Amino acid sequence: MSSSRYTFWVLILVVAISGLSQGLSIPLLAVLLEKQGVSSVINGLNAAALYVGMVIASPLLESPLRRIGYRSTILWGMLLLTIATALIPLFSHLAVWFVLRLLMGIGDTALHYSSQMWVTKIAAPETRGRDLSLYGLAYGVGFSIGPLGLNLLPLGLWVPFGVLLFLYAIAILLLSRIQNEYPEQLKQTEKKQNKYATVLRIGWLSLIPSFLYGFMETSLNGSFPVYALRTGLSLEWVSLILPSFVVGSIILQMPLGTLSDRIGRRQVMLTCAIVGSIAFFLFPLAGENVWLMMLLLGIAGAAVGSFYSLGLAYSADILPAAMVPTAGIIAGINFGVASILAPNVNGLLMELWEPWTMFWLMGAFLVVFAAACLFAKNSKSQKEHYSLPLQKQG
């Protein structure tokens, strides 16, 4: 096995461990706060610290990544995660947990941003969609397995946290055995430009999926339980309906990535946006038919569950290689901002109109994105223009 493929598989395992960590820590801390008698509103605000950490960290990561490399940035993220995870069982104060979850958000963002950029760099252009989809699949599988760790809680408060710390140790050991690499340096011509403005101008279409994915994921995890309770569904059914979105995304993650390598990212995202919008628009018509709900959420997940990885792959297609890390920063900010906005926007819609409006909003977002995919100009020529040396540019 070549060193780049070995590095790739180490990153896949590390991101699976990270997904498992998030999948367990989010519900675990919610359960512990609920047992302490904390209100659901305060519980939700405390959970938002994770996304606040993501938004704070995202704009600050590009410079250290270029300076210390991919592996070192991931290790710093792992170190923050390990410290925060080890300290959580020692404290029960809300303010302390908020700070620790903030650190977890910063650590997770450092880990994901660096590993995503590293996978994007080492993936061959003809298999980039497949490789990034495998990355997303690893995270999704880990995230789905994570909640099973709640069953360890009766064995003692420290047991689930101890399992996470053990997995972090494995990840750190594996990372320490691979060689550090660095992103491509910006050319002199690129340094003179406002790189964020340039990335937004060339790659704006590839950056929308990260916002949409963050909004949809947080809407379903945070707002759907409220919708369900207001429409008469039990929490037991909610726990069965919600995973269908993740299961759908896991099933088609790899096939869609491979298909995008063959026919183009934009064509795949356009089709997926149309299918996802139809599923969301139809969802309120399911009434209290839980099986139809699961089917529609499964279809929606299958269609749009790959959006983040497809967007990243598309940005690598249309941007100069040295600007891809900047695109990754903007994508991370988009995801974090959408994750903070979603519960608040959906809560307002539910108060002013009807609970089902949250699904129509997600459907409308996807229709707008599909229209953008259809009418946006081809960015390939712009990539070539910005990649040319200064003396050859017209």
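Analyst: A residue is called buried when its relative accessible area is under 20%, exposed when it is over 50%, and partly exposed in between, using a 1.4 Å probe and counting protein chains only. The model is predicted, so local features need pLDDT of at least 70 and side-chain atom pairs pLDDT 80 or more, while totals for chains, interfaces and linings use all residues. Residues are numbered from 1 along each chain as its sequence is written, and side-chain values use heavy atoms, without hydrogens and water.

User: Why is Arg-5 called partly exposed?

Analyst: The relative accessible area of Arg-5 is 25%.

User: What makes Arg-5 and Asp-131 a salt bridge?

Analyst: A salt bridge needs a side-chain nitrogen of Lys or Arg within 4 Å of a carboxyl oxygen of Asp or Glu. The closest N and O atoms of Asp-131 and Arg-5 are 3.1 Å apart, so the pair qualifies. Asp-131 lies in helix α7 (residues 128-145) and Arg-5 in helix α1, so the pair ties together parts that are 126 residues apart in sequence. Helices here are DSSP runs of H or I with at least four residues, and strands are runs of E with at least two, numbered from the N terminus. Asp-131 has a relative accessible area of 2%, so the Asp-131 end of the pair is buried.

User: How many salt bridges are there by this rule, and which residues does the network join?

Analyst: The count comes to seven. One of the pairs is Asp-261 with Arg-265, whose closest N and O atoms are 2.7 Å apart. Asp-261 is partly exposed at 21% relative accessibility, whereas Arg-265 is buried at 4%. Through shared partners, salt bridges join Arg-128, Asp-261, Arg-265 and Asp-317 into one network.

User: How do you know that Glu-181 and Lys-121 form a salt bridge?

Analyst: Their closest N and O atoms are 3.4 Å apart, which means that the pair meets the distance rule. Glu-181 lies in the loop between α8 (158-176) and α9 (188-191), and Lys-121 lies in helix α6 (residues 94-122), so the pair ties together parts that are 60 residues apart in sequence. Both ends count as partly exposed, Glu-181 at 22% and Lys-121 at 37%.

User: Which residues is Tyr-70 in contact with?

Analyst: Contact means heavy atoms within 4.5 Å. Leaving aside neighbours within four places in sequence, Tyr-70 is in contact with residues including Trp-118, Lys-121, Glu-181 and Tyr-182. Tyr-70 lies in helix α5 (residues 70-87) and is buried, with 2% relative accessibility.

User: What makes Gly-301 buried?

Analyst: Its relative accessible area is 0%, so Gly-301 falls under the cut-off for buried. Gly-301 sits in helix α14 and, apart from neighbours within four places, is in contact with Phe-245, Gly-248 and Ser-249.

User: Which residues does Phe-307 touch?

Analyst: Not counting residues up to four places away in sequence, Phe-307 touches several residues, among them Pro-209, Tyr-213, Met-269 and Phe-369.

User: Why is Leu-285 called exposed?

Analyst: Its relative accessible area is 69%, so Leu-285 is over the cut-off for exposed. Leu-285 is found in the loop between α13 (265-282) and α14 (290-304).
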